[in-house]
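Reader: I would like to learn how to read a model like this one. Could you take me through it feature by feature?

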Amino acid sequence: MSDAATPKPTSLKAVIDQLNANESDAKALSNKEKRARTVARLVLVQALYQLDITGAGVETVIKEFSDYRFDGDLDGEPLAAADEAFFAEGARTIVKEQSAIDPLIINRLASGWRIERLDPTVRAILRAGTWELKFRIDIGLQVIINEYVEIARAFYGETEARFVNAALDGIAADVRK
């Protein structure tokens, strides 16, 4: 779903610009709204990572991001406006529906692999992507998969991006028949 020749972004701005360049779901979102959605996805992955690592409650993490991070920076760079409602919906739904989301991911792992063995950031990317595929049917498959593949590429590189692509493609086939 993504171009293997796409270079790895070197900054948060480059990640957001690259994600927006791949955005093809122009149905009802302006460029500003697409950018805000992209930022929300990126921050959602970071929030899910934080939830996973710290064990903090979802409302605590949403409030922290709302109070301190959306007006500040991310990894030392100014953060563009985010779709905070989309971010909060994602965080809440993923936590609430984790028992429905995780089995969809597990079905796409190699035999014998447990979801706990995945890197926490990869796990966060897959949970966020699976949430959108399963619960946000108003958003196109290509948009969802491309966005999360690019996020994986930004954090890691091609190997993880290909893994995320394959997993989300399979999950899309499972939930959007």
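Author: Happy to; we will go from the overall fold to a helix pair and then to the salt bridges. This is a predicted model, in which local features need pLDDT of at least 70, side-chain atom pairs count only at pLDDT 80 or more, and totals for chains, interfaces and linings use all residues. Residues are numbered from 1 along each chain as its sequence is written, and side-chain values use heavy atoms, with hydrogens and water left out.

Reader: How many helices and strands are there in the protein chain?

Author: Helices (H or I, at least four residues) and strands (E, at least two) are DSSP runs, numbered from the N terminus. Here the protein chain has eight helices and two strands, and their order along the sequence is α-α-α-β-β-α-α-α-α-α.

Reader: What share of the residues of the protein chain count as buried?

Author: Buried means under 20% relative accessible area, exposed over 50%, and partly exposed in between (1.4 Å probe, protein chains only). By that rule, 47% of the 177 residues of the protein chain are buried. A contact means heavy atoms within 4.5 Å; among contacts in the protein chain with a separation of 6 or more, 71% are between residues 24 or more positions apart.

Reader: How should I read the packing of two helices, and at what angle do helix 2 and helix 4 cross?

Author: Two packed helices are described by the angle between their axes and the distance between the axes. Axes are lines fitted to C-alpha atoms, for helices over the stretch in contact, with angles running from 0 to 180 degrees between N-to-C directions. The axes of helix 2 and helix 4 cross at roughly 35° and come within 9 Å. Helix 2 covers residues 31–54, and helix 4 covers residues 84–96.

Reader: Which residues make that contact?

Author: On helix 2 they are Arg37, Ala40, Arg41, Val43, Leu44, Ala47, Leu48 and Leu51, and on helix 4 they are Phe86, Phe87, Gly90, Ala91, Ile94 and Val95. An α-helix has 3.6 residues a turn, so residues three or four places apart point the same way. The buried residues of helix 4 include Phe86, Phe87, Gly90, Ala91 and Ile94. Just after helix 2, Gly55 takes a positive phi of about 75°.

Reader: Now the charges, please: how many salt bridges does the structure hold?

Author: Side chains of opposite charge can pair when their charged atoms come close. A salt bridge is a side-chain nitrogen of Lys or Arg within 4 Å of a carboxyl oxygen of Asp or Glu. The structure holds 13 of them. In one, Asp102 and Arg127 meet at 2.8 Å, N to O. That pair joins distant parts of the chain, with Asp102 in helix 5 (residues 98–106) and Arg127 in helix 6 (residues 120–135), 25 residues apart.

Reader: Are Asp102 and Arg127 buried or exposed?

Author: Asp102 is buried, with a relative accessible area of 10%, and Arg127 is buried, with a relative accessible area of 10%.

Reader: Where does Arg108 find its partner?

Author: Arg108 forms a salt bridge with Asp174, with the closest N and O atoms 2.7 Å apart. Arg108 lies in the loop between helix 5 and helix 6, while Asp174 is in helix 8 (residues 158–175), 66 residues apart. Arg108 is partly exposed at 36% relative accessible area, and Asp174 is partly exposed at 27%.

Reader: Which residues are linked in a network of salt bridges?

Author: Arg41, Glu132 and Glu147. Arg41 also takes part in the contact between helix 2 and helix 4.

Note on methods:
Expected span 1.5 Å × (residues − 1).
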